[in-house]
Structure formats: C-alpha cells, structure tokens
Amino acid sequence: MRTIARSILPLMAIALCLAVVSGCRRTVATTTEVVAVSSTNVPSKPDDPAWDEAPEHAAKLLLQDLVEPRQMQVSTADVRVRAITNGAEIAFRLEWLDKTKDDLPGPAHFMDGCAVQIPAKIEANLPAPQMGETGKNVEITFWRADWQAMVDGRPDSIKERYPNASVDHYPFEAQSLEKGSAAQTEMATRYSPAAAVGNRRVGPRSNPVEDLIAEGPGTLSGRFNHFQRPRDEDCRRMVRNHHQACPGRACFRITHSDRIRHLGGLAQ
Amino acid sequence: MGEDDCSGQVDGGASFSMEHMAWFYYLARICNHCTYPGCLASCPRGSIYKRPEDGIVLVDQGRCRGYQECVKGCPYKKVFFNMMTGTSEKCIACYPKIEMGIQPQCFVNCIGKIRLAGFLSTPDKANPDNPLDYLVHIRKVALPLFPQFGLEPNVYYIPPVHVPQAFTSQMFGPGVAEAVKTYRNAPNDPDLSSLLGLFGSTEMIIPRWKRQGDWVAGMDEKGKEVVRVPLREPILIRPAYDKLYQISRTNCP
Ligand code: SF4
Ligand code: SF4
C-alpha cells in the first residue's frame, strides 16, 4: 500500500471517457496493490463522489487453509478496495458481490462481515496475512452486518432479531421489570454471561465495528479484557461505516477510517 | 400400555401389535464433561477448556465469538448457540456448587432420586468406599453413553431394564447384559441396594459410603457421616378415606 498525490488525475480522466463508452459500470483505474490517494476530503460514506478519484484494487481473497475448519473453496473471490487519506486519517472502501443480505444472527447462520487488517508495526518483514503471527501483531477492524443494522435503528428485541422465534419468557425481558432498572440489569447480566464479561456479540451498540488485535489464527482478541467493558468512546480508532444495497444485487460498501500513523512507514 | 398407575393391571395388556412391543425410557442428558472433549478440540479459538482440578468442561464466555464449531463438534449435541448472547453455551456442571462440595442442581432436583454426583477414580485406583467407583468400576452397573464415540464421557447410566438389549448395547456398550443382571438382582444384594438408597438422600457430595446392617451412611473424605438412611424405607399405608378430614384419597398401588 502506498499513497500517491494528485498524479492520479490523468488516469481518472481516461477512466471517465471509458465510462461513456461502456455505458453501465464506469471503468475505473485499477492498481496492483491498494493505493491511497491524498485528499483533504476523507469520505465516510461508500457512495461519496470522492471515491471516484481513487483507483481500485481487486484484491483476491486468500483461502483459510491453515487451521480447522479449513475453507477450501472461496465464497467470495475478491474484494475491490479503494483508499483515501488526508495524512491523519485513512478511509478504505471495500466492495464485493453478494447475492443475499445476511444481517440476522441464528444457529448455523452467519452474517455478512468484513475487516481491514493492518500490521501493528510497519517493518520490512510483514506479519503473515492470516491474522498475523507470534510476535508480529496485526490490528483488525471488524464490521458485521447485524451490528450495522442495529446502529441504523433496528431495535434490539427478540422479535426484530429472530422474526420467526417463539419465546415464552426471558426473565430479563419480563414486563414486570422496568427497562434499565437495577433489577432488570441484574437479570440481564445473570442470563447473558457473555455480555456480563464484556463480550458484546449481540445487543445494543452505537458502533458497528469491533477493534481487535491478533498474532496468528485463533488469537483474535478485543483490546479490552473481560473485566473492562469497552465503551464506544474508548475505541482508539475513529471508524465510520456504511453499507448499501445496489439494485439487482446486494453490494456492500464499507468505509473504514483509521489514523494514518500506523501506515507511516508505507506512505511515500 | 398394560398397566395403569392408579387402577393397576389393564385386562389384556397392550392392545396393538408392531414389530416389537412398545417400550420407552427416560434418558436425562447433560454434558458428559468428557475426558477427551470433542467440543474443546473443535474450537479454533481455544475458547473451551477442561478444568484440571475437577474435569469440568467450560466455554469461556469472554472468548467465544459464536463460530458454533463446538455445536457441530460435540457428538452428544450438548453445546447450544444462544442467540440472545451470540455465544455458544453449555452445562457448567453447576461448578459453583461443586466447588462448595454440593451436587449439581439437576441431581438435587431429581424427584425420582435416581442421580448421584461425585468424583470417579481412574480404574486402576478404584476404591470400593467411593460410591461412584463402586457402581462404575467394581459392580459395573453404570455405563457410559455411546462409549464408541471415544470421548470417554463422564456421565454413567444404569441401563433401562425393559428395553431390548440389542438396542441398549448400541447405546451403552457391551456391558449392558451384565449391568442389567446386576441391577435386577439388587433386592438380594444389600450393598448395591443400600448404595442406591443413598441417591438423592443429601445435597452434599459424598465421596465415601458404608453399609452397616440395615443402614447405609454417606460420608465426607475424612469419614465423617453426612447422611444415614435405612436399607428399606418404612411403608406407610394410608386409608382410602381420611376420617379426620372426611375426605377420600386415591392411593396408587
Ligand atoms: S458432552 Fe459434548 S459438550 Fe460435553 S464435554 Fe463432551 S463433547 Fe463437550
Ligand atoms: S443443573 Fe447444572 S449440572 Fe445439571 S445440566 Fe444444568 S448446569 Fe449442568
């Protein structure tokens, strides 16, 4: 990954001409690696016109064939990446083809999600792309579609989350307990041990991403231990995300903004 | 089918015919806290661990990310994905109770008084004074469920006696015939029947037991008596009509 200045513009002009000829999807400049364009306008929405100025890199996704359960067939072949930086922040737009919108969790059902992974330290010998390696941490910003739905206003209720579920009684949802009261919170904690130790896999949230570190497969951890509940404002990275469905096919675009200091060694 | 709890034997017995006579039994299934847990092996994150001090297998609720590999990996289907927490959860063997020397809740709650929890020795160290060693290793009357899975499950069942053994031997292994024979003979076997009488007699874990004549005692590690029950509970016959309260009561035979 490297940043380039406005020298990208002539390329963009050619791309725009081609768009007129092809008619449907505008042809864009492509690069052999992710190239971050310098701009004072770091977009936070995937449909921001500023993205048109950034070249696109079609990143082939690697198989996870290191640890069980190995995935020997790709479900998504590649992800198209663009990047824009203002020198202090960097935004990535990830785009991939997806026939279905999966933003409801369930047994043996997994939601749409994606992540941007950056080496914790920029050095000549970069960590393995499969979640880093021992002594060579990677920092991961992970986005999940159900968290996004929650941030976008989907209520955190059993009915919304599991439309076909039939639930007799959850003590912490009981009418008799006033929402937010000490008794209700105590009940919710007791019956949601994961939430009680700060592992917020589901539930209300104001941030659709998770800030993680890893040093190899299976080591993925939150930046907080079990006894420190992470608060959204604690998250070191400023992450703004958005996704949208294009007509005819589901196309998710996610913007990650991160402080560029992590990429300092790569910027030219 | 052939009998009724309150009215006794039904004339003519079962009134339908099939490949075989109908039979059923209850099979209370909790996590087996296996010696070689399949759930633990299947978790790519190492979120499942077996406690060295008591062998209890737990899902770390702080580490689990809901990949549900353990749900697939447990052949006993004893890990469940909890959609309300987004993590996988399972029986915790009521570890806070075990830590206090108390039997787990589903053992204590059992109204049939047919469950007993404790610590089992390895077969080479079987101690006849330990109730579980006596039942599992010495009398071999309690058997593991689906031992052929190879996980060495740590819940042992006294197999149902009315079920065809072609069926139960698939579930509990080749020891079924002997176990059923031993169990059926319990009325003539004061040691075995007295130990069965200790089931459900106390909430405490009783690592030691001893029969003395018509009484059996459950004891702690040091041999201090925790509970004492008679070999035969006294039978009380209530008259069908209660003169005091002027009411009829139904007695089951
Ligand atoms: S029964 Fe299943 S959940 Fe319990 S320890 Fe064995 S493999 Fe794990
Ligand atoms: S009551 Fe305790 S031992 Fe029994 S199934 Fe539940 S957690 Fe497990």
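User: Which strands does helix α8 (residues 190-198) of chain B lie across?

Analyst: This is a predicted model, in which local features need pLDDT of at least 70, side-chain atom pairs count only at pLDDT 80 or more, and totals for chains, interfaces and linings use all residues. Residues are numbered from 1 along each chain as its sequence is written, chains are lettered from A and ligands numbered from 1 in the order in which they are written, and side-chain values use heavy atoms, leaving out hydrogens and water. Helices (H or I, at least four residues) and strands (E, at least two) are DSSP runs numbered from the N terminus, and angles run from 0 to 180 degrees between N-to-C directions of axes, which are lines fitted to C-alpha atoms, for helices over the stretch in contact (heavy atoms within 4.5 Å). Helix α8(B) runs at about 125° to β9(B), and the strands that α8(B) lies across are β9, β10 and β11 of chain B.

User: Which are the edge strands of the open sheet of three strands in chain B?

Analyst: The order in this sheet is β9-β10-β11, with antiparallel pairing, where two strands pair if DSSP finds at least two bridges between them. Neighbouring strands are turned by 20° against each other on average, direction ignored. Pairing on one side only marks the edge strands, which are β9 (208-212) and β11 (225-230) of chain B.

User: Which residue in β11(B) is the bridge partner of Gly218(B)?

Analyst: Strand β10 (residues 215-219) of chain B joins β11(B) in the antiparallel sense over five bridges. The partner of Gly218(B) in β11(B) is Val227(B).

User: What is omega for the cis peptide bond that joins Glu68(A) and Pro69(A)?

Analyst: Most peptide bonds are trans. Pro69(A) lies in the loop between β3 (57-60) and β4 (78-85) of chain A, and omega of its cis bond with Glu68(A) is about -5°.
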